[in-house]
Amino acid sequence: MKLHINAFVNDEPVEYLCDPEDTLLDILRDELHLTGTKEGCGSGDCGACSVMLDNRLVCSCLVLGCEIEGRSVDTIEGMAFADKLHPLQQKFLENAALQCGICTPGFLIAARALLDINPDPSESEVRYWLAGNLCRCTGYDKIIQSVLDVAAAGRENS
Amino acid sequence: MSTSDNFKWVGSRPIRPDGVDKVTGRASFAADFSLPGTLHGLILRSPYAHARILSMDFSKALAIPGVKAIVCAKDMPVIAAEAALVGGQPPDFCDMSENLMARDKVLYEGHAIAAVAATSKKIARQALDTIAVEYQVLPHVTDVQSAMEPNAPLLSDKRYTQGIEPRPRKPSNIASRYEQILGDPVQGFAEAEVTVSEEFTTQPVHQGYIELHACTAQIGADGQAQIWCSSQGQFMIRAYCAKLLNMDISQIRVIPMEIGGGFGGKTTVYLEPIALLLARKSGRPVKMQMTRQEVFTSTGPASGSYITMKLGARKDGTITAVEGILCYQAGAYPGSPVRLGCMTAFAPYDIPNSKLIGYDVVVNRPKSAAYRAPGAPMASFAAESLIDMLAAKLGMCPLELRLKNAAKMGTQAPYGPKFREIGYVETLEAARRHPHYSAPLGPNQGRGIASGFWFNIGGQSSASVNINEDGTAVVTTGNPDIGGSRASMAIMAAEVLGIDYKKVTPVIADTSSTAYSDLTGGSRVTFAVGMAVVEAARDVVAQLTTRAASLWDVPVEEVSWLDGHALARVQGQAQQMSLQAIAAESARTGGPIAGNANINAQGAGPGFGTHICDVEVDPETGRVTVLRYTAIQDVGKAIHPAYVEGQLQGGAVQGIGWALNEEYIYDESGNMSNQGFLDYRMPVASDLPMIDTVLVEVPNPRHPFGVRGVGEVPIIAPLGAVANAVARASGVRVFDLPISPPRLLAAIRKKQVR
């Protein structure tokens, strides 16, 4: 029996039917067609499916679709405002912090979550915060640098 | 040519053309594509390392509502042994067919035996659970040395070792023997005053791309098929599917989706032919996506190895001879890159006498696949460890020892040719100058260096450059962009045309929309496809000057091209006309302006790299922390330096993972124990420091901008560099990778007991 769920995704109301075993990742990708959230492992080990659930960073493959009733999910599709990129998105581009790009949405969501609670992280803090996100292409260097650059620019602007 | 950089775009760092799509989630990877009415395909896989399939019963599965098709090896055409190779070259399509669907035996845990297509994943999973398979479990062998024993369980009783005369009388797991001799090794060792020799082992490691293999296939009643997938080559997918399923190439159109990492692992097919079979049988589009567990157990890791090597030198450090035996795990079917290991191990050095023997050995593990500089890292680990041991024995600086023996222009490479313009010495000198090399070290810390070599390749490449009516350009190529190659193609086209980089749109076309190109691999795309782009853009420039000549009514020889403008003296006056203005007039000067180049690029310049690694060893736990890392490489000419740095950084970190943590762990029953990212431990951000890079530019004279391939060299040196650093930090040398905490701790304790 499918469950009828009402929730908010990227501040928009959504409703869907889901099997009890469907993950939030399945729902986002297959029901809501928000394919920017990626599957890399399905076991919470790679962070490619990172989303915000009620402003908390989660792996959407570890959350069930039927747990979302009345709750709010933020995905990569909501990160830019129309054609204005988030500073992290812009800095990732400027610094070539992506190669294949499959892990990038997860890194961006996780990095934004860090800067929201810690606008002045050390390199170690960035590295440990992002330790749940796997990237196999870049060796992390340019990703870490981009997050530090955005944090530094944010301090200058504030 | 000179590197005097009068370039406007080459060597700059613009934002990649596909960048915005990839930071906003809009980029479409293989699993992101769907068609209406699509079925979900899943594969049934062997739980045993080695077993005979006695029977399979699909009746219960077929009775489940929503199950639309089931296929097994009987649905695959049988490829005759004499037709196994195309043009006498690997891959072996008989093996590939069996690897895709086991016929009578399964040869490893995860070997596919059947596939189901159903209206939902849930129903497909349910169907897999109801397929009854009867197995006769057979003795298995997963270790390469055990597999070479005369009484080892045989994967095939029809396999006789090739490369041995006379042909052996008994079948063997040793698929082939390769021998590479230079000079007189016996004489070389007779001249040696010191020798070092050792045994080394390395474990299989997975390419570890984050994107799971996925595809969607459909096929019409007329036999015309479409495949949407991510791979390192849409033309490879088309050719392999056609051969395996006995179809015409013209019946298959492969649409390349964005690829979420490959590193060599996506240079073959796993799902695509199966999805086509299911689509044909069901009459519906079929989508398939592997789980991470399937990626680990059923797609190619890099070979594990067992290597013995010996090095002889004079007291002044001149290496006089090397010899070695390299045994590589091929996995369930032959084809490990052991030959490439023999060819590359000592290529950075001018050693007059060498004898290396390679054995390609089948074991009950997934068939190995290419992984970045296939075959080189494990051989280089052994070679670079020995060179470090030699330096210690002679009391020489390891960098000076390498410099003393370094290959230069004119050096006879151990695998045949003489090197032309190469930049190995320059990487060593850059290492010596780098502040990292003289930075102070604390207690339990050590510094290692190592070098690596890769051939780089050219190959068949196509490009077209179309000038739009407003003077912008579209560059079309046939190679998946695996790490920023669209940016490189656009830069090179902008440079030749003399227009703004932002006016160039690079497109990666499907197999029916552009001419054939070899796959993305061998560090060839920026070099070879880039060469095609440059030639196509030059073709366009020739047309533009012709059009300008006709508009000015002057002979074409009097028109030159500079910075996006045609220049000439017309009736005594200096005149110029922009590309945009010429494009706007194209209708009255002969129609659309477009250039093409279809080439088989030759002259890829070999690449050399030298890495410096500092580690700290915790003597109480055996944990190794990488403190500082510098990757130095001759890149010829960096078209987009940020993405070149990224290749060096990413390759270095994959090599660090290979050296310290990553390995396939098998239990006694031949099952892989660590089938997920939690237990198969790839490096994460908190394991690492920043990875510094130095781009040495010794131009490759056979590329218009001096490009050498860069993607593969960076994974070779880290294994040796890390091992050498650990040896100096702990006083204990580990000969078996990975240097995981338990292994290093055991080595430290063993030394303490002594």
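Which residues in α3(A) meet which residues in α5(A)? In this predicted model, Phe107(A), Ala111(A) and Leu115(A) of α3(A) meet Ile143(A), Val147(A), Val150(A), Ala151(A) and Gly154(A) of α5(A).

## Helix packing in chain A

The axes of α3(A) and α5(A) lie 11 Å apart and the two helices pack at an angle of about 35°, in a crossing that is right-handed. Sorted by class, the contact of α3(A) with α5(A) holds seven nonpolar residues and one polar residue, with no charged residues.

A further packing in this chain pairs α2(A) with α3(A), at an angle of about 130° and with axes 10 Å apart; the two helices are therefore oblique to each other, and their crossing is right-handed. From α2(A) the contact draws on Leu88(A), Gln89(A) and Phe92(A), and from α3(A) on Thr104(A), Leu108(A), Ala111(A) and Arg112(A). By class, this contact of α2(A) with α3(A) has four nonpolar, two polar and one charged residues. Ala111(A) takes part in the contact with α2(A), and Ala111(A) also belongs to the group that meets α5(A).

## Where the two chains touch

The contact between the chains takes 43 residues from chain A and 43 residues from chain B. On the side of chain A that touches chain B, at least two residues each are supplied by α2 (87-94), α3 (104-117), α4 (123-129) and α5 (141-157) of chain A, and the largest share, four residues, comes from α2(A). By class, that side of chain A has 23 nonpolar, eleven polar and nine charged residues.

## The largest nonpolar core

The largest nonpolar core has 293 residues, of which Ile227(B), Val361(B), Ala493(B), Val533(B), Val722(B) and Val726(B) touch the most other members. Helix α15 (residues 525-552) of chain B gives the largest share of this core, 14 residues. In soluble globular proteins, nonpolar side chains tend to be buried together.

For Val726(B), the contacts that remain once neighbours within four places in sequence are left aside are Gly446(B), Val615(B), Val617(B), Val624(B), Val734(B), Ile739(B) and Leu744(B).

Helix α7 (residues 234-245) and helix α8 (residues 272-282) of chain B have axes that come within 9 Å and cross at roughly 55°, which makes α7(B) oblique to α8(B). The crossing of α7(B) and α8(B) is right-handed. Ile237(B), Cys241(B), Leu244(B) and Leu245(B) of α7(B) make this contact with Glu272(B), Pro273(B) and Leu276(B) of α8(B), so that, by class, six nonpolar, no polar and one charged residues are involved.

Asn246(B) is placed in the loop between α7 and β12 (252-256) of chain B, and has a positive phi of about 55° although it is not a glycine. Asn246(B) counts as exposed because 10 other C-beta atoms lie within 10 Å, where the cut-off for exposed is 12 or fewer.

## Backbone features in other loops of chain B

Asn456(B), in the loop between β18 (445-454) and β19 (459-467) of chain B, is a residue other than glycine with a positive phi, near 65°. Asn456(B) is buried, because 25 other C-beta atoms lie within 10 Å and the cut-off for buried is 20 or more. The bond from Pro90(B) to Pro91(B) is cis, with omega near 5°, and Pro91(B) has its place in the loop between β3 (67-72) and α3 (93-100) of chain B. The bond from Leu737(B) to Pro738(B) is also cis, with omega near -5°, and Pro738(B) is in the loop between α18 (717-730) and α19 (741-753) of chain B. As background, most residues other than glycine have a negative phi, and most peptide bonds are trans.

Tyr160(B) is found in the loop between α5 (144-148) and β7 (174-182) of chain B, and counts as partly exposed because it has 16 C-beta neighbours inside 10 Å. Not counting residues up to four places away in sequence, Tyr160(B) touches Arg167(B), Pro168(B), Pro171(B) and Ser172(B). The C-alpha atoms of Tyr160(B) and Ala175(B) are separated by 6.6 Å, although the two are 15 residues apart along the chain.

Terms used. Residues are numbered from 1 along each chain as its sequence is written. Chains are lettered from A and ligands numbered from 1 in the order in which they are written. This is a predicted model: local features need pLDDT of at least 70, side-chain atom pairs count only at pLDDT 80 or more; totals for chains, interfaces and linings use all residues. A nonpolar core is a set of buried Ala, Val, Leu, Ile, Met, Phe, Trp, Tyr and Cys residues joined through C-beta atoms within 7 Å. Two residues are in contact if their C-beta atoms, placed from the backbone, lie within 7 Å. Axes are lines fitted to C-alpha atoms, for helices over the stretch in contact, and angles run from 0 to 180 degrees between N-to-C directions. Angles under 35 degrees count as roughly parallel, over 145 as roughly antiparallel, 65 to 115 as roughly perpendicular and the rest as oblique. A crossing is left-handed if the near helix is turned anticlockwise from the far one by less than a right angle, and right-handed if clockwise.
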